[in-house]
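Visitor: Pick one part of this model and give me a close look at it, please. Then show me how the rest of the picture connects to it.

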2 protein chains.
Amino acid sequence: MKFQAEIDIMPRTEILDPQGKAVKLGLGNLGINNVNDIRVGKHIVMNLEAENLEEAKQKTETACKKLLANMIVEEYTYKINLEI
Amino acid sequence: MKFQAEIDIMPRTEILDPQGKAVKLGLGNLGINNVNDIRVGKHIVMNLEAENLEEAKQKTETACKKLLANMIVEEYTYKINLEI
C-alpha cells in the first residue's frame, strides 16, 4: 500500500528561535507589522510503501526520531494519508 | 483580531531536491526502505494581528511572496486560523 506522510518539525516552544526572530525583523522592514511571533521549522513530505497504516506510522516515527528531528531541541507532528 | 498562519514552503515539484535525496539515503542506512520520494521544505507558524481575515490573508501572501518563499524555485501554501 502507498502512503504519504506530511511531517512538521518545529523548534520546541521553550527554545529560542533565532530564525524566527530574523524573519520577524525582515517582515518589519517590508512594512508588515503586528506580527507577534514567528517560528520556522521543516515540512517534509514522504511517499512510502507499507503493509498497512500501522507500519507506515512506525516507519514515520522511526524516521523522525532517528534522523529528521533533533529530539533535544525539536518536536515533530505528522499526518499520514493513504495514496489511492 | 489575532490570527495564526501555518505556511508550508516546498521546492517546486519539477525542481531537483538534493536535501530530499540525502534524507532518503539516510533513511536507507537506517534500514527504512520502500521510501519512494522525500521532499524537504519549510514550515512557518506566524502569529499576527489584523482587522479581519482578509487583511490577515493579505499580510501572509505578501510575507510569502516578498520574503519567505523564493518564487522561482519554491511554492507556498498556507492556512489561517482565528486565535480565540
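Guide: Let's start with Lys65(A) and Glu61(A), which both sit in helix 2 (residues 53-68) of chain A, four residues apart, or about one turn of the helix. Helices here are DSSP runs of H or I with at least four residues, strands are E runs of at least two, and both are numbered from the N terminus. Before going on: this is a predicted model, with pLDDT of at least 70 needed for local features and 80 or more for side-chain atom pairs, while totals for chains, interfaces and linings use all residues. Residues count from 1 along each chain as its sequence is written, chains are lettered from A and ligands numbered from 1 in the order in which they are written, and side-chain values use heavy atoms, leaving out hydrogens and water.

Back to our pair: the side chains of Lys65(A) and Glu61(A) form a salt bridge at 3.0 Å, N to O. The rule wants a side-chain nitrogen of Lys or Arg within 4 Å of a carboxyl oxygen of Asp or Glu. Over all chains, the search turns up eight salt bridges, yet the count between chain B and chain A is zero.

What does the interface have, then? There are 16 residue pairs in polar contact across it, both partners at pLDDT 80 or more (N or O atoms within 3.5 Å, one able to donate a hydrogen and the other to accept it; sequence neighbours count only if both atoms are side-chain atoms). On chain B's side, strand 1 (2-11), helix 1 (18-29), strand 2 (35-49) and helix 2 (53-68) each supply at least two residues. Strand 2 of chain B gives the largest share, 15 residues.

That strand also meets its counterpart: 13 bridges join strand 2 (residues 35-49) of chain A to strand 2 of chain B, running antiparallel (DSSP must find at least two bridges for strands to pair).

In all, 31 residues of chain B contact 31 of chain A, contact being heavy atoms within 4.5 Å. The same surface serves both, with 100% of chain B's contact residues recurring in chain A.
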